Amino acid sequence: MNFDKELDARGLSCPLPILKTKKSLADMGSGQVLKVVSTDCGSVKDMQAFAKQTGNELVSQTEAGGEYTFFLAKK
Amino acid sequence: MSKKMAIIATKGTLDMAYPPFILGSTAAALGYDVQIFFTFYGLQLLRKDISDVKISPLANPAMPMPIPMPVMVQMLPGMESMATMMMKEKLKKHGVAPLEQLRELCLEADVKFIACQMTVDLFEFDKSDFIDNVEYGGAATFMEFAGETDICLFV
């Protein structure tokens, strides 16, 4: 999937992946896609909750080898 | 209008310092308007230097320990510092942010910190020991905001 910006949140625990995602989205334009890679299994539910509450769209989420990859489209 | 959350932070130990800063920064990231009211021992978390905030296994039987430790041993000098050091290493290993960073993230996200004026006076704290981004107020100041919140927590 194409993306405009990437955030490496590997090794970080709650709430840092969410806080850094929020920061990364801040200077992006509407419709642009942010890729986030995390190793925190808690970030799976948290990212869904973040998307739901902020209106940014969670386009896809996948897991491979203990890494969680999210694509978020900015509202 | 954005949702609101208020937290009352009353404790100044390493473990109990985390919930207000984690929930405050996260709520702010989710678009909440957040205020944290620091009172009694919670005031310690507003000091410029919070690197000496400690955790104690004493009177804290739920704290997981690498080996069972009788209370008599926990009382020994240096045990608190050792427990704090071990806890900080654990936090670091698991990628949990240091308190200083979470506090900074709260401030960056416009979380408002209010220090309880009464307890500042009671404990004879010097305001110059506190970070700059603090407002001072009393219970009524807090209630004005808390009365309109969607979430209000006591930590």
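This passage walks through a four-stranded sheet in chain A and then visits one loop residue in chain B.

The model is predicted, so local features need pLDDT of at least 70 and side-chain atom pairs count only at pLDDT 80 or more, while totals for chains, interfaces and linings use all residues. Residues are numbered from 1 along each chain as its sequence is written, chains are lettered from A and ligands numbered from 1 in the order in which they are written, and side-chain values use heavy atoms, with hydrogens and water left out.

In chain A, four strands form an open sheet in the order β1-β2-β4-β3, with mixed pairing. Here strands (E, at least two residues) and helices (H or I, at least four) are DSSP runs numbered from the N terminus, and two strands pair if DSSP finds at least two bridges between them. The edge strands are β1 and β3 (57-64) of chain A, each of which pairs on one side only. On average, neighbouring strands of this sheet are turned by 15° against each other, direction ignored; axes are lines fitted to C-alpha atoms, for helices over the stretch in contact, and angles run from 0 to 180 degrees between N-to-C directions.

Two helices join the picture. Helix α1(A) packs on the sheet and touches β1, β2 and β4 of chain A, its direction making about 160° with that of β1(A); contact means heavy atoms within 4.5 Å. Helix α2 (residues 43-54) of chain A also packs on the sheet, touching β2, β3 and β4 of chain A, and its direction makes about 5° with that of β4(A).

With β1 (residues 5-9) of chain A, β2(A) pairs in the parallel sense over five bridges, and Lys5(A) has Leu34(A) as its bridge partner. With β4 (residues 67-73) of chain A, β2(A) pairs in the antiparallel sense over six bridges. Across that pairing, Val33(A) stands opposite Ala73(A) and Leu34(A) opposite Leu72(A).

In chain B, Lys48(B) lies in the loop between β2 (33-38) and α2 (71-74).
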